[in-house]
Amino acid sequence: MRTDERVLAYGGGWLDRSGGRRADPGWVAARLAAAGTVLLPLWRDRCLVTAERIPVRLSAADSAGVLAAADETVFLGLDGEVAVFAVDLSALSEQEATALTGAAAAVDVRAIFAGLGPAEAAIQGYARGLLHWHRQQRHCGSCGTRTGTTFGGHARTCEPCDRLLFPRIEPAIIVLVEAPGSPDRCLLARHRGAAPGSYSTLAGFVEVGESLEDAVRREVAEEAGVVVGDVAYQGSQAWPFPAGLMVGFRATAVSERIAVDGEELLEARWFTRDELRERTAGGRPLGRVDSIDHLLLTGWLAGDR
């Protein structure tokens with residue numbers, strides 16, 4: 001990792017994913033049986049946590065009941081010499097899952113993000129995304145046959161079709177649009193369902209047959225009626241809710257004209273830096289603190305290029 005690289009939430013995890021070795025089922029089984037192996041239990045996309053809201057970490061050697069109850073047990077990687085696996089207890093009730101693991105509750109990782117270190121948040125997001133995919137890919141989309149797990153949980157197989165199925169990643173763009181000319185202003189919008197006065201950057205999924213830059217220009221034009229010229233990459237973020245990859249951009253509008261679609265967006269307007277500072281001084285956050293939109297907004301507010 002470059003020393004100047006900005007590591008965003010749910011990225012920068014420390015695990016060695018051992019891509020060249022996890023294809024060997026014997027090696028994976030030996031890691032699961034090894035002394036010191038750690039299990040991270042999840043329940044229906046939620047982390048199982050202690051009363052202090054710390055994710056539960058179990059010893060695999062002492063957790064035969066947990067392994068027996070798990071729908072899936074997937075290899076996440078090596079923390080030094082220690083193997084780390086995620087186990088999905090979604091078939092149980094929440095009460096059964098917490099009792100079995102000694103947890104106090106099951107919570108969304110986003111609800112405990114502020115209390116986690118960056119690497120811990122990354123591994124919990126990683127586990128959540130991978131286990132969610134397994135629950136959605138239990139049958140082949142071509143023939144309907146029940147699929148099996150392979151590569152330590154990083155792929156599934158359909159024997160009749162002789163196909164390997166890999167976890168799906170859904171790329172999305174998120175963009176801070178700047179107005180042409182002076183004074184410096186950025187475009188923020190109120191999305192359908194958002195509270196009055198709640199504004200954020202624009203975002204949308206990348207469609208088949210378009211580049212990331214194409215997606216930026218299309219989304220901004222479709223939703224806000226703003227035509228965008230120059231587009232510059234800012235960074236990316238793993239967003240395992242359930243399988244996103246957020247790719248951040250800064251773009252410059254060709255004109256100041258706005259015409260919201262009335263569907264995704266209810267309103268949009270240009271904000272100066274002073275106006276954004278007034279909003280933050282009034283207690284309004286600049287985007288989610290765990291999301292790349294926060295970086296885009298705070299970077300622009302600081303005058304970064």
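Me: How many disulfides does the structure hold?
Reply: This is a predicted model. A disulfide needs two cysteine sulfur atoms within 2.5 Å. The sulfur of Cys161 is 3.6 Å from the closest cysteine sulfur, in Cys143, so that pair is too far for a bond. The count of disulfides in the structure is zero.

Me: Is Cys47 buried or exposed?
Reply: The cut-off for buried is under 20% relative accessible area. Cys161 has 28%, so Cys161 is partly exposed. Cys47 has a relative accessible area of 1%, so Cys47 is buried.

Me: What is the strand order in the open sheet of three strands?
Reply: The pairing in this sheet is antiparallel. Strand 7 (148-150) and strand 9 (163-165) are the edge strands, each pairing on one side only. From one strand to the next, the twist averages 40 degrees. The order is 7-8-9.

Me: Which residue is the bridge partner of Thr149 in strand 8?
Reply: Strand 7 pairs with strand 8 (residues 155-158) over three bridges, in the antiparallel sense. Thr150 stands opposite Ala155. For Thr149, the partner in strand 8 is Arg156.

Me: Which residue takes a positive phi in the hairpin of strand 7 and strand 8?
Reply: The two strands run antiparallel. Four residues lie between them in the hairpin. The positive phi is near 55 degrees, and it belongs to Phe151.

Me: Which residue in strand 9 is the bridge partner of Cys158?
Reply: Strand 8 and strand 9 run antiparallel. Three bridges join them. The partner of Cys158 is Arg163.

Me: Where does the hairpin of strand 8 and strand 9 take a positive phi?
Reply: This hairpin has four residues between the strands. The phi in question is near 55 degrees. The residue is Asp162.

Me: At about what angle does helix 5 run to strand 8?
Reply: Helix 5 covers residues 118-136. The helix lies across strand 7, strand 8 and strand 9. Its angle to strand 8 is about 15 degrees.

Me: Is Glu120 buried or exposed?
Reply: Glu120 is found in helix 5. Leaving aside neighbours within four places in sequence, Glu120 is in contact with Trp14, Pro55 and Arg57. The relative accessibility of Glu120 is 16%, and the cut-off is under 20%. Glu120 therefore counts as buried.

Me: What distance separates the C-alpha atoms of Val82 and Arg190?
Reply: Val82 is in strand 5 (residues 82-88). At 31% relative accessibility, Val82 counts as partly exposed. Beyond residues up to four places away in sequence, Val82 touches Gly36, Thr37, Val38 and Gly77. Arg190 is 108 residues away along the chain, and the C-alpha separation is 46 Å.

Me: What percentage of the 305 residues count as buried?
Reply: The chain comes to eight helices and 15 strands. Along the principal axes, its C-alpha trace spans about 65 × 45 × 40 Å. The accessible surface is about 14,600 Å², with 50% belonging to carbon and sulfur atoms. The buried share of the residues is 47%.

Me: What percentage of contacts between residues at least 6 apart in sequence join residues at least 24 apart?
Reply: Contact means heavy atoms within 4.5 Å. The set is limited to pairs at least 6 apart in sequence. Those joining residues at least 24 apart make up 63%.

Key. Residues numbered from 1 in each chain as written. Predicted model: local features only at pLDDT ≥ 70, side-chain atom pairs only at ≥ 80, totals over all residues. Heavy atoms only, no water. Pairing = 2+ DSSP bridges. Axes fitted to C-alpha atoms, helices over the stretch in contact; angles between N-to-C directions. Buried < 20%, exposed > 50% of the residue type's maximum accessible area, 1.4 Å probe, protein only. Areas by Shrake-Rupley, 256 points an atom, 1.4 Å probe, with all protein chains shown as cover.
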